[in-house]
Amino acid sequence: MTVTSDVTTPTLPRTWRPFGPRLAAPVFALFLVGAFAWLWLSFDQQTRDAINVIERGTVIAIVGVGVALLYAMARSRVTVTEDGITLVNGYRRRDFAWAEIEKVRMPLGAPWPNLDLADGRTIPMLGIQGSDGGRAKTAVREVKALVAAHRP
């Protein structure tokens with residue numbers, strides 16, 4: 001790591017992952033699955049027999065979608081290498097070369113920082129969550145320092 005004007009520039013490659021969502025996702029997934037399992041077990045046999053296969057499948061699909069969304073938030077990350085920045089937002093991965101990147105912004109009160117690109121697009125960086133507090137502020141400063149150091 002090098003220190004430049006009160007900003008620490010991490011050695012590369014470096015990956016940032018959200019702490020809150022990575023902690024909350026398995027807890028809520030277990031709660032979601034557990035709540036529906038408990039509900040099913042609390043039904044008497046007559047109620048269970050009255051629920052057909054399609055209704056069971058629908059409930060299982062809804063729980064599955066909930067778990068998939070939680071997993072998507074937990075797997076988000078920002079990786080910086082010598083070649084550029086890789087963003088994984090949910091299930092989508094995007095690679096950006098240093099020449100494509102204009103700046104990193106984290107507006108006051110924003111849930112996550114944004115990556116401004118040379119073509120005018122703005123891409124959210126879900127791998128850094130504002131809810132992580134000081135950890136997020138440090139991550140944004142480090143990514144900004146890396147972008148400044150690698151801008152052509």
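On a 1 Å grid over the protein atoms alone, a pocket is an open set of points where a 1.4 Å probe fits, with protein on both sides within 12 Å along at least five of seven lines; its lining residues have an atom within 4 Å of a point. Rolling a probe the size of a water molecule over the atoms shows where empty space is left.

This is a predicted model, in which local features need pLDDT of at least 70 and side-chain atom pairs count only at pLDDT 80 or more, while totals for chains, interfaces and linings use all residues. Residues are numbered from 1 along each chain as its sequence is written, and side-chain values use heavy atoms, with hydrogens and water left out.

Start with the largest pocket. Val33, Phe36, Ala37, Leu39, Trp40, Phe43, Ile51, Glu55, Arg56, Val59, Ile60 and Val63 line this pocket. The elements that give two or more residues to its lining are H1 and H3. Helices (H or I, at least four residues) and strands (E, at least two) are DSSP runs, numbered from the N terminus. The largest pocket holds about 290 Å³ of space. That volume is the space filled by probe spheres set on the grid points, which are joined across faces, edges and corners. By class, the lining has 10 nonpolar, no polar and two charged residues. Here Ala, Val, Leu, Ile, Met, Phe, Trp, Tyr, Cys and Pro count as nonpolar, Asp, Glu, Lys and Arg as charged, and the others, Gly among them, as polar.

The expected span is 1.5 Å times one less than the number of residues. H1 has a kink of about 25° at alanine 25, shortly before proline 26. The bend at a residue is the angle between axes fitted to the seven residues ending there and the seven starting there.

Which residues of H1 are buried? They are Pro21, Ala25 and Ala29. Buried means under 20% relative accessible area, exposed over 50%, and partly exposed in between (1.4 Å probe, protein chains only). An α-helix has 3.6 residues a turn, so residues three or four places apart point the same way. The buried residues of H1 pack against helix H3 (53-74). Contact here means heavy atoms within 4.5 Å.

H3 has 22 residues. Its ends lie 31 Å apart, C-alpha to C-alpha, close to the 32 Å expected. Val63, Gly66, Ala72 and Ala74 are buried in H3. What covers them includes H1.

Move on to H4, residues 134-150. This helix has 17 residues and reaches 24 Å from first C-alpha to last, close to the 24 Å expected. Its buried residues are Ala136, Ala139, Val140, Glu142, Val143, Ala145, Leu146 and Val147. Glutamate 142 deserves a look. Its relative accessible area is 9%, so glutamate 142 counts as buried. Glutamate 142 touches Thr8, Pro10, Arg14 and Trp16, not counting residues up to four places away in sequence. Alanine 148 is also found in H4. With a relative accessible area of 57%, alanine 148 is exposed.

The second largest pocket holds about 230 Å³ of space. Its lining is Met106, Pro107, Leu108, Gly109, Ala110, Gly130, Gly133, Ala136, Lys137, Val140, Arg141 and Lys144. By class, that makes six nonpolar, three polar and three charged residues.

Go back to proline 10, one of the contacts of glutamate 142. Proline 10 lies in the loop between E2 and E3. Proline 10 counts as buried because its relative accessibility is 4%. Proline 10 and arginine 151 are 141 residues apart in sequence, yet 16 Å apart in space, C-alpha to C-alpha. Proline 13 is in the loop between strand E2 (7-9) and strand E3 (14-16). The peptide bond from leucine 12 to proline 13 is cis, with omega near 0°. Most residues other than glycine have a negative phi, and most peptide bonds are trans.

Finish at arginine 93, in strand E6 (residues 92-97). Is arginine 93 buried or exposed? At 53% relative accessibility, arginine 93 counts as exposed. Arginine 93 touches Thr86, Leu87 and Val88, leaving out residues up to four places away in sequence.
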